[in-house]
Amino acid sequence: MKLYGYWRSSTSYRLRIALGLKGLEYEQVAINLLDGEQRSAEYRRLNPYGGVPALEIDGRIYAQSMAILEWLDESFPDRPLLPRDVEDRFASRELAMAIATELHAPLNLPVLKYLKHDLGHGQEDIDAWYRHWIARTFEGVEARLAERGAGDFLFDAPGLFECVLVPQLYNARRFSCDLGAYPHLTRIEAACREHPAFIAAHPDRQPDKR
Ligand SMILES: N[C@@H](CCC(=O)N[C@@H](CS)C(=O)NCC(=O)O)C(=O)O
């Protein structure tokens, strides 16, 4: 199994956590996003979306991190990322998708670059944009966790939701976002920090870190 990724990419980070939670071995292939390797013709032949991650297994390439997470869970059902109960599965997906679609999408590198270079916004505007989307989505996710009375994880063990949450919090900290209003999110993050799959997946531990 080969993971095409980048050390600081939150979508690659999601997959590294999931592969670790499932105890699956994989080789990493670094795609340097700062050098634009994701847009090279060679890489786009593998992943026509021109982003990371992509996962190669038995000559087949899988793209789109959320679809890959679900595929991994169906193909390697041991140590599941989703709980058994259908309502609980829905809760995991709802929270994970809120972050993956409403938060990751507007904060992605090409969006920030477009705001800066094409629309001419300064760094202050970019930082305000970033904080706006973080607050808008984290408020909802935090409220949902409060309603459920969530503990160290959404359920008994980390799964799909935590795979998506922890990388997004890592990014929020990079942008110096104030996370004081999200005690449930940060408590779950703290519990994940102790877990070997999250420790091994951390950007600082990746071989392509600069
Ligand atoms: N929806 C995609 C998003 C992938 C994505 O945007 N990855 C980012 C890194 S987190 C990337 O490759 N950005 C560089 C670029 O698009 O030029 C997924 O979840 O896999």
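Two residues are taken to be in contact if their C-beta atoms, placed from the backbone, lie within 7 Å. By that criterion, and leaving aside neighbours within four places in sequence, Leu-165 is in contact with Ile-99, Leu-185, Ile-188 and Glu-189. The model in which these contacts are found is a predicted one.

**Core**

Leu-165 also belongs to the largest nonpolar core, which has 45 residues and in which Ile-17, Ala-18, Leu-160, Val-164 and Leu-165 have the most contacts. Helix α7 (residues 160–174) provides the largest share of this core, eight residues, and at least three residues are drawn from each of domain 1 (2–79) and domain 2 (86–197). In soluble globular proteins, nonpolar side chains tend to be buried together.

**Domains**

The protein is divided into domain 1 (2–79) and domain 2 (86–197), and the centres of domain 1 and domain 2, taken over C-alpha atoms, are separated by 20 Å. Ten residues from domain 1 and 14 residues from domain 2 take part in the contact. On the side of domain 1 that touches domain 2, the elements giving two or more residues are α1 and α3, and α1 gives the most, with seven residues. Sorted by class, that side of domain 1 has seven nonpolar, two polar and one charged residues.

**Ligand shell**

Around the ligand there are 13 residues, of which Ser-9, Thr-11, Gly-51, Val-52 and Ser-65 come nearest. The shell around the ligand divides into five nonpolar and eight polar residues, with no charged residue. At least two residues of the shell are supplied by each of α1 (10–21), α3 (65–75) and α5 (109–118), and at least three come from each of domain 1 (2–79) and domain 2 (86–197).

**Strands**

Strand β3 (residues 54–57) is joined to β1 and also pairs with β4, as set out below.

| Strand pair | Sense | Bridges | Residues opposite each other |
|---|---|---|---|
| β1 (residues 2–5) and β3 (residues 54–57) | antiparallel | three | Leu-3 and Leu-55 |
| β3 and β4 (residues 60–63) | antiparallel | four | Ala-54 and Ala-63 |

Between the strands of the hairpin formed by β3 and β4 there are two residues, and in this hairpin Asp-58 takes a positive phi near 50°. In a regular strand the side chains alternate between the two faces of the sheet.

Conventions:
Residues are numbered from 1 along each chain as its sequence is written. This is a predicted model: local features need pLDDT of at least 70, side-chain atom pairs count only at pLDDT 80 or more; totals for chains, interfaces and linings use all residues. A residue is near a molecule or strand if its C-beta atom, placed from the backbone, lies within 6 Å of it. Ala, Val, Leu, Ile, Met, Phe, Trp, Tyr, Cys and Pro count as nonpolar, Asp, Glu, Lys and Arg as charged, and the others, Gly among them, as polar. Domain bounds come from an automatic or database domain assignment. Two strands pair if DSSP finds at least two bridges between them. A nonpolar core is a set of buried Ala, Val, Leu, Ile, Met, Phe, Trp, Tyr and Cys residues joined through C-beta atoms within 7 Å. A residue is buried if 20 or more other C-beta atoms lie within 10 Å of its own, exposed if 12 or fewer, and partly exposed in between; C-beta atoms are placed from the backbone.
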